[in-house]
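Please read it with the structure open.

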Amino acid sequence: MVLRHVTTPKDRALWKELMDRYHYLGFKTPFGACLRYVIQTAEAEPRVLGCLQFSSPAWALEERDRWIGWTPESRKARLQRIVQNSRFLLLPWVEVKSLASHVLSLVTKQLPDDWERAYHQRPLLLETFVDTQRFTGTCYRAANWRYLGMTKGRGRMDREGRRPEPVRAIWVYPLHRKCRALLRGDV
């Protein structure tokens, strides 16, 4: 299996079409930084298995910020060292045992270099949100991500609490063994 970084107009069109057609949230342009991948087989004639998107992190996330031990100042200074897995799609006809956790394992090795090349900053932590009304997060658990708790049901654009979002499970994956200390600025 291969994670093909989406860089060409043809790949972007394929990624958008698959995401819009098969992901329950559809295609939306993310806010801030973004990297996309097409998941495919490593055969001479590769088959597309799914898509991934990584983007800028949530500005404030109580459970994550407490786990890191952030002050508002340290969060502001180092927030961009976190990258959010904002879309994960395996195509509905693809049935491969443990594929999702295998993809997550591959991406933890490939994404840091790709992100650093694109944005000149090496990420220290990955985060994602799982809608527990639809999914259990088993693939994240199997790929050694850490469950931190639940969101408060407020989104990026909700400053007054008027646009509630589904409460979702928060999962993180440290990309460095001292990621919390580095994110706090202790090291």
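**Notes on cores and surface**

1. Leu-89 counts as buried, at 5% relative accessibility, because the cut-off for buried is under 20%. Keep in mind that this is a predicted model. Leu-89 sits in strand S4.

2. What does Leu-89 touch, leaving aside its neighbours within four places in sequence? The contacts are Leu-18, Met-19, Tyr-22, His-23, Ile-39, Leu-49, Gly-50 and Cys-51. Pro-123 is another matter: 34 residues separate Leu-89 and Pro-123 in sequence, and their C-alpha atoms are 22 Å apart in space.

3. Now the main core. The largest nonpolar core holds 34 residues. Those with the most contacts inside this core are Tyr-37, Leu-52, Phe-54, Phe-88, Leu-111 and Trp-145. In soluble globular proteins, nonpolar side chains tend to be buried together.

4. Trp-145 deserves a look of its own. Neighbours within four places in sequence are left aside here. Trp-145 is then in contact with Asn-85, Leu-104, Thr-108, Leu-126, Glu-127, Thr-128, Tyr-140, Trp-171, Val-172 and Tyr-173.

5. There is also a second, separate core, of 15 residues. Its members include Leu-61, Leu-124, Cys-179 and Leu-183.

6. On to the surface. Tyr-24, Leu-25 and Phe-135 form a nonpolar patch there. Together they have about 260 Å² of accessible area. Leu-25 lies in the loop between H1 and S2. Is Leu-25 buried, exposed or partly exposed? Its relative accessible area is 33%, so Leu-25 is partly exposed.

7. Last, Glu-43. This residue is in the loop between S2 and S3. With a relative accessible area of 44%, Glu-43 is partly exposed, because that class runs from the buried limit of 20% to the exposed limit of 50%. The side chains of Glu-43 and Thr-41 are joined by a polar contact of 3.2 Å. Where is Met-1 relative to Glu-43? The two are 42 residues apart in sequence, with 8.2 Å from C-alpha to C-alpha.

Notes: Residues numbered from 1 in each chain as written. Predicted model: local features only at pLDDT ≥ 70, side-chain atom pairs only at ≥ 80, totals over all residues. Heavy atoms only, no water. Core = buried A, V, L, I, M, F, W, Y, C linked by side-chain atoms within 4.5 Å. Buried < 20%, exposed > 50% of the residue type's maximum accessible area, 1.4 Å probe, protein only. Contact = heavy atoms within 4.5 Å. Helix = DSSP H or I, 4+ residues; strand = E, 2+ residues; numbered from the N terminus. Polar contact = N/O pair within 3.5 Å; in protein donor to acceptor, adjacent residues only side chain to side chain. Patch = residues over 30% accessible without salt bridge, like charges linked within 9 Å, V, L, I, M, F, W, Y side chains within 5 Å. Areas by Shrake-Rupley, 256 points an atom, 1.4 Å probe, with all protein chains shown as cover. Salt bridge = Lys/Arg side-chain N within 4 Å of Asp/Glu carboxyl O.
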